[in-house]
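Me: I have a model open and would like to go through it with you. Could we begin with the backbone and then move on to the strands and the rings?

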Amino acid sequence: MSSHAAHSDAVPSLVPPTSEQITQRLLAQLPRDQWDLIMEQDYYAASQIDPTFLDFVDVYYHLVAIIPRHWTIVDLGCAYAPQAFCFQHHKKFVVVDIDTPYRFHAPNTIHYSMRIGEFLTQHGHEFDPLETFAICSYMPMWGENTREHVRAFFPNLFVYYPHGGNRILLNVPQHARSTHFDADDHKEWAQIKRRVGTRQKAKQP
């Protein structure tokens, strides 16, 4: 065996885990009582997260490795916040959202139920800008949630929002596609679209 081969065998694999593997690792950490509460109390939770998809948590998984443990994390637009358990060993994990009254929480999690602009105005000055890391993951940058506005309070800021003409973000398994869509389904879907449209208009300047 060559010295190069021996060295290669000794070096750990640098291949990162897949999104599916990250989801399963995080799922194993989520308290069952918190999961049940969210699913029972929030009508829309089951359409947003499930045991195979926890809402793009791979972004948070990779950020954990680069943010010092003694820093505070501020997650703007946290949704149901299963990522709280990615950051459970950091100083604080502060989550902000207005649409999800029931969320996951680790011992270091602090919840705010308000708009991002309101949070920045009322609480942005309470954080040490040198040791706070803000995250806007899969959050559209409009109105109160502009990069400039957020960065004024949190200079250490990560922003990610995917876009593209024909990019397929999620492959829906064939067995998960409904073959029946009746009148009640159409009525319920119309109500959901109206609610989403109202929320989007309220967030726009």
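Me: Is Ala 79 buried or exposed?
Reply: Ala 79 is buried, with a relative accessible area of 16%. Please keep in mind that this is a predicted model.

Me: Where is Ala 79 found?
Reply: Ala 79 sits in the loop between strand E1 (72–76) and strand E2 (92–97). Although Ala 79 is not a glycine, its phi is positive, at about 55°.

Me: And what about the phi of Phe 56?
Reply: Phe 56 is not a glycine either, and it has a positive phi of about 55°. Its place is in the loop between helix H4 (45–48) and helix H5 (58–64). The relative accessible area of Phe 56 is 19%, so this residue counts as buried, the cut-off being under 20%. Phe 56 also belongs to an aromatic cluster, together with Phe 53, Tyr 138 and Tyr 160.

Me: Let us step back. How many helices and strands does the chain have?
Reply: There are 8 helices and 5 strands. Along the sequence they follow the pattern α-α-α-α-α-β-β-β-α-β-α-β-α. The chain has 205 residues, of which 34% count as buried.

Me: What share of the contacts comes from residues 24 or more positions apart?
Reply: Such residues account for 51% of the contacts in the chain with a separation of 6 or more.

Me: Which strands does E1 pair with?
Reply: E1 runs parallel to E2, and 5 bridges join them. E1 also pairs with strand E4 (residues 132–137) in the parallel sense, over 4 bridges. On the E2 side, Ile 73 stands opposite Phe 93. On the E4 side, the bridge partner of Asp 75 is Ile 135.

Me: Changing topic: how many aromatic pairs are there?
Reply: The count comes to 10 aromatic pairs. One of them joins Trp 35 and Phe 104, a tilted pair with 6.0 Å centre to centre and 40° between the planes.

Me: Which parts of the chain does that pair tie together?
Reply: Trp 35 lies in helix H3 and Phe 104 in the loop between E2 and strand E3 (109–113), so the pair ties together parts that are 69 residues apart in sequence. Trp 35 is buried at a relative accessible area of 14%, and Phe 104 is buried at 0%.

Me: Why is the pair of Tyr 112 and Phe 119 described as edge-to-face?
Reply: The planes of Tyr 112 and Phe 119 meet at 65°, so the pair is edge-to-face, with ring centres 5.0 Å apart. Planes over 60 degrees apart fall in that class. Tyr 112 counts as buried at 17% relative accessibility, as does Phe 119 at 0%.

Key:
Residues numbered from 1 in each chain as written. Predicted model: local features only at pLDDT ≥ 70, side-chain atom pairs only at ≥ 80, totals over all residues. Heavy atoms only, no water. Helix = DSSP H or I, 4+ residues; strand = E, 2+ residues; numbered from the N terminus. Buried < 20%, exposed > 50% of the residue type's maximum accessible area, 1.4 Å probe, protein only. Pairing = 2+ DSSP bridges. Contact = heavy atoms within 4.5 Å. Phe/Tyr/Trp six-rings, centres within 6.5 Å; stacked < 30°, edge-to-face > 60°.
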